[in-house]
Amino acid sequence: MSGRTLIDVRDLWKSFGDNQVLKGISLELIEGETLVVLGPSGCGKSVLLKHIIGLLVPDRGEVLFCGRNIFDMSVKELGEARQHFGMVFQGAALFDSMTVGENIGLPAVERKGMRGQELETLIEDKLRLVGLEGLSGLRPSEISGGMKKRVALARAIALNPDIILYDEPTTGLDPIMAEQINELIRDTQNKLSATSIVVTHDLHSACFIGDRVALVESGRIEFVGSTDELMDTEDKAVRNFIARGRANLGPRESDRAGLH
Amino acid sequence: MDFFARIGQSAINMFGVVGASGIVFWRALISLRRLPRSTKLVVEQMQRIGIESLPLVVVTSIFTGAVASVQVSYQLKAYLPKAYLGTAIFKSVVIELGPVLTALVLGGRVGASIAAELGTMRVTEQIDAMEAMAIDPHRYLVMPRMLAALIMLPILTIIADTLGVGGGYVVSNVALDVSGKVFVDGMRTLFYAGDVLGGLVKACVFGLIIALMGCTAGLAARGGAVGVGRAATRAVVASCVLILVSDYVLTTLIYGIIFS
């Protein structure tokens, strides 16, 4: 992958009380790639993702977006930078006081002042893209967990962002729905040509979606490379994680994920 | 030592709350620049804070006026003629009982509701999602609530004043043997427009306090359902304490200095 660096994470440290979550993470995101941040639950993946979009402030380190440290930006500048991002949250984070359509249309209404037919068309287009056409009038409480993730994706891509961040997109879903979400993420990357960071603990998802994989263990990056390199590496921590991943998958899933 | 440590921690927490509400207030204030885009949200909140609180305010104010009438009549019967019953009821209701009781009742109903709503949004990452979409929660959530409370509290206070005096009027007529004409003449005696105006100024400040405490507690909520419950409790306690303290300060300022 040889493009320009869109996001450059440099020596990121973060603790919550006595719990040191990030311990000097450095990572680059190249334009056009899908980078999967892989690791066990509680290793600091989601915290890393929230730093990348400026939702958390680190104890030390910087995140450069197009060469500028987002933690040095003013509120206005950070808002402008965030317009290049779309984020799918772990629990979908849909606004429960709004309908599905209002959720998807919110960024367009608030940032572009979009109204009327134009807005309706945008909402229906995005719902079609995630396979939920005709459901814009439902409330988040009336749809399933998998559908919520799809709506969250539709909302994240409503204004065709340059970078899409996915926080555990398949967590809490049954294997069939998780597979559908994985395929949907890959389709979305192909259709929008967006650059993406996917945070997951699911080895199968990582191999299916990712161009490159960064393995995080206990707040540190243990490995960065392509999915093939991940499978071939002799690094002990990586081998351990892959072995655990294999153990969690059945032989069929393991085969489909290319985990031989 | 533990005792002093706890006092010290409480002091630090208090300064933390004051600092947090100062930042929330300031950010809501500067987002007023984008008021035209938030008009619909303000109107929506005016309905939720004002119209939906009306039944509670009606019941509270009618019975407050009625009780005040019985109390004044009982306590002053040896010292003042009944001709002054209307004077005492009117002044006590418009200067003190109307604004303060309306604010305390709304501090419970509205303050808890705002804190619970924003707190739930915080713990379910809806506010993070809003920030990630480059939508400022202070403009979208806080400013409309503060403005709506600032507008609706004086309106509800006018209604409470009217119904409170009305309640006193009816009880004086029916139970205390004071004719309507005597009661109204009493109201006219020693009537100052400044009495009503001062009460409404207090109501504006109380409205701001209720919304600000609700928003600050809600935005600071952490840790699931327990955190949301704590946020609601904190909002109600802080609102009630601040309403009573600021009532003393404002009463001294308005009636002791400005109108004296």
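The lining of the largest cavity in this predicted model divides into 11 nonpolar, two polar and two charged residues. That cavity has a volume of about 130 Å³, and a search of the whole structure finds four cavities of 30 Å³ or more. Among the open sites, the largest pocket has a volume of about 1700 Å³.

**Largest cavity**

- The lining of the largest cavity is made of 15 residues, and the closest to its centre are F85(A), G86(A), R155(A), A156(A) and M133(B).
- Two or more lining residues come from each of β6 (85-88), α3 (100-112) and α5 (145-156) in chain A, and from α5 (126-132) in chain B.

**Second largest cavity**

- The second largest cavity holds about 80 Å³ of space.
- Its lining counts 13 residues, with S61(B), L97(B), L101(B), T102(B) and A160(B) nearest the centre.
- In chain B, α3 (54-76), α4 (85-123) and α6 (137-175) are the elements that give two or more residues to this lining.
- The largest share, six residues, is supplied by α4(B).
- By class, the lining of the second largest cavity has six nonpolar, seven polar and no charged residues.

**Largest pocket**

- Of the 50 residues lining the largest pocket, R82(A), R27(B), E131(B), P137(B) and H138(B) are the closest to its centre.
- The lining of the largest pocket divides into 22 nonpolar, 10 polar and 18 charged residues.

**Second largest pocket**

- The volume of the second largest pocket is about 860 Å³.
- Its lining has 34 residues, of which M98(A), K40(B), L41(B), E44(B) and Y140(B) are the closest to the centre.
- At least two lining residues each come from α3 and α4 (116-129) of chain A, and from α2 (35-49), α4, α5 and α6 of chain B.
- The largest share of this lining is the seven residues from α2(B).
- The lining of the second largest pocket is made up of 13 nonpolar, nine polar and 12 charged residues.

**Chain A as a whole**

- Chain A contains 10 helices and 10 strands.
- Its radius of gyration is 18 Å, close to the 18 Å that the globule rule gives for 260 residues, so chain A is as compact as a globular protein of that length.
- Along the principal axes, the C-alpha atoms of chain A fill a box of roughly 55 × 45 × 40 Å.
- Of the 260 residues in chain A, 55% are buried.
- Among contacts in chain A with a separation of 6 or more, 66% are between residues 24 or more positions apart.

**L48(A)**

- L48(A) is located in helix α1 (residues 45-52) of chain A.
- Its relative accessible area is 1%, so L48(A) counts as buried.
- Leaving out residues up to four places away in sequence, L48(A) touches V9(A), L12(A), L22(A), I25(A), L27(A) and V37(A).
- D8(A) is 40 residues from L48(A) in sequence, and their C-alpha atoms are 12 Å apart in space.

- Most residues other than glycine have a negative phi.
- E168(A), which is not a glycine, has a positive phi of about 45°.
- E168(A) sits in the loop between β7 (163-167) and α6 (175-192) of chain A.
- The relative accessibility of E168(A) is 5%, so the residue counts as buried.
- E125(B), also a residue other than glycine, has a positive phi near 65°.
- E125(B) is part of the loop between α4 and α5 of chain B.
- A relative accessible area of 16% makes E125(B) buried, because the cut-off for buried is under 20%.

Definitions and conventions:
Residues numbered from 1 in each chain as written. Chains lettered and ligands numbered in written order. Predicted model: local features only at pLDDT ≥ 70, side-chain atom pairs only at ≥ 80, totals over all residues. Heavy atoms only, no water. 1 Å grid on protein atoms, 1.4 Å probe; cavity = no way out; pocket = protein on both sides within 12 Å on 5 of 7 lines; lining within 4 Å. Points joined across faces, edges and corners; volume = space filled by probe spheres on them. Helix = DSSP H or I, 4+ residues; strand = E, 2+ residues; numbered from the N terminus. Nonpolar A, V, L, I, M, F, W, Y, C, P; charged D, E, K, R; others polar. Rg over C-alpha atoms; globule rule 2.2 N^0.38 Å. Buried < 20%, exposed > 50% of the residue type's maximum accessible area, 1.4 Å probe, protein only. Contact = heavy atoms within 4.5 Å.
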